[in-house]
Amino acid sequence: MVSNDAVLQHLITTATESEVSLRDKIFVDCSTVHPSTVGRTVAQLQAKEASFLAAPVFGGNPIAVDGKLVFALGGPRPAAQQVKPLIQDVMGRKVIDCGEDATRASLLKIAGNIVTVNMMEAVGEAQVFAERTGLGTGPMEELIGEAFGPVAGGYSKRLTTGAYAPPLGSRPGFGVSLAIKDAKHAFAMAEESKVELPGLQVALDNMEAARDYAGECLDSSSMYGVLRQKAGLPFWNEKSRQGNSS
């Protein structure tokens with residue numbers, strides 16, 4: 001897994017320009033990259049008689065530790081058949097077959113991220129509402145986990161534990177800049193297909209505002225800090241870091 005499209009392109013170009021034979025090799029990437037990047041990567045490797053599988057994942061670090069990720073797998077059938085046993089019930093609980101066109105796996109991941117980011121925004125809004133009305137974040141978190149499942153419950157815990165703004169120098173669960181990059185991929189695809197994404201736009205604006213205010217050391221759920229500010233609360237809660245000074 002790599003951080004962005006440019007890194008993937010650099011790695012593949014380095015491999016294809018090397019003196020090492022890539023014939024019959026299988027390259028698997030679990031990153032979120034634009035389908036056009038996947039298409040270029042497929043072409044580069046096909047020219048070297050190698051295969052490329054797009055295998056982006058759904059699920060955060062705790063789910064990964066338990067081997068419960070969901071994978072979207074796309075690419076040549078023979079390569080996919082070799083790789084799937086290394087994923088199913090090892091790294092992931094489910095492999096969604098996206099067919100032989102690797103770009104479809106990338107497209108599914110981008111579509112899934114629309115749901116993910118909107119859910120984080122909704123959970124953040126609900127938790128700020130609960131705090132400001134006096135309901136309290138505890139009952140709200142219990143409801144979210146019980147009624148809307150462990151994924152939504154996990155997003156709530158990122159907020160109430162302060163993980164949305166971890167200590168400076170630490171590694172966020174999923175960095176806000178990566179989430180912004182993924183959201184912008186969705187907007188690029190949506191524009192091509194004449195689709196509006198108003199909910200995602202709200203979340204993207206809040207993530208960018210969070211990064212402008214508090215820097216790079218933020219989780220993707222850090223739109224919560226901006227929602228707090230809009231409600232007259234500090235960006236930081238009692239469990240998060242308390243500023244941008246070490």
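Tutor: A polar contact of 2.6 Å links the side chain of serine 221 to that of aspartate 219. The term denotes a pair of N or O atoms within 3.5 Å; within protein, one must be able to donate a hydrogen and the other to accept it, and residues adjacent in sequence count only if both atoms are side-chain atoms. This is a predicted model, in which local features need pLDDT of at least 70, side-chain atom pairs count only at pLDDT 80 or more, and totals for chains, interfaces and linings use all residues. Residues are numbered from 1 along each chain as its sequence is written, and side-chain values use heavy atoms, with hydrogens and water left out.

Serine 221 is placed in the loop between helix H8 (198-214) and helix H9 (223-230). Helices (H or I, at least four residues) and strands (E, at least two) are DSSP runs, numbered from the N terminus. Serine 221 counts as buried because its relative accessible area is 2%; buried means under 20%, exposed over 50%, and partly exposed in between, with a 1.4 Å probe and protein chains only. If neighbours within four places in sequence are set aside, serine 221 has contacts with Met120, Arg158, Leu159 and Tyr164, where contact means heavy atoms within 4.5 Å.

Lysine 194 sits in the loop between helix H7 (176-192) and H8. Its relative accessibility is 76%, so lysine 194 is exposed. Lysine 194 also has a positive phi, near 60 degrees, although the residue is other than glycine. Glutamate 49, likewise not a glycine, has a positive phi of about 60 degrees and belongs to the loop between H2 and S2. Glycine 134 occupies the loop between helix H5 (102-133) and helix H6 (137-160), and it is exposed because its relative accessibility is 60%.

We may now turn to the division of the chain. It has two parts, domain 1 (5-100) and domain 2 (107-231), with bounds from an automatic or database domain assignment. Their C-alpha centres are 27 Å apart. Twelve residues of domain 1 and 13 residues of domain 2 take part in the contact. About 990 Å² is buried between domain 1 and domain 2, and carbon and sulfur atoms give 69% of this; buried area is the accessible area (1.4 Å probe) that two parts lose on being put together, summed over both. On the side of domain 1, Thr32, His34 and Phe58 lose the most area to domain 2, together 54% of what that side buries.

The strands come next. An open sheet of three strands is ordered S3-S4-S5, with mixed pairing; two strands pair if DSSP finds at least two bridges between them. Strand S3 (57-58) and S5 each have a single partner strand and stand at the edges, so one side of each lacks a neighbour in the sheet. S3 and S4 run antiparallel and are joined by two bridges, with valine 57 opposite phenylalanine 71 in S4. Strand S4 (residues 69-73) and strand S5 (residues 92-97) run parallel, joined by five bridges. Phenylalanine 71 has valine 95 as its bridge partner in S5. Between S4 and S5 the chain passes through helix H4 (residues 77-87), and this β-α-β crossover is right-handed: with the strands pointing away from the viewer, the path from the first strand over the helix to the second runs clockwise.

Strand S1 (residues 26-29) and strand S2 (residues 51-54) also run parallel, with four bridges between them. Aspartate 29 has alanine 54 as its bridge partner in S2. Here the chain goes from S1 through helix H2 (residues 35-46) to S2, again in a right-handed β-α-β crossover.

Finally, threonine 16 lies in helix H1 (residues 5-16). Threonine 16 is buried because its relative accessible area is 10%. Its side chain reaches the backbone oxygen of threonine 13 at 3.1 Å. Neighbours within four places in sequence aside, threonine 16 is in contact with Leu22, Gln44, Leu45 and Lys48. Its C-alpha atom is 54 Å from that of glutamate 131, 115 residues away along the chain.
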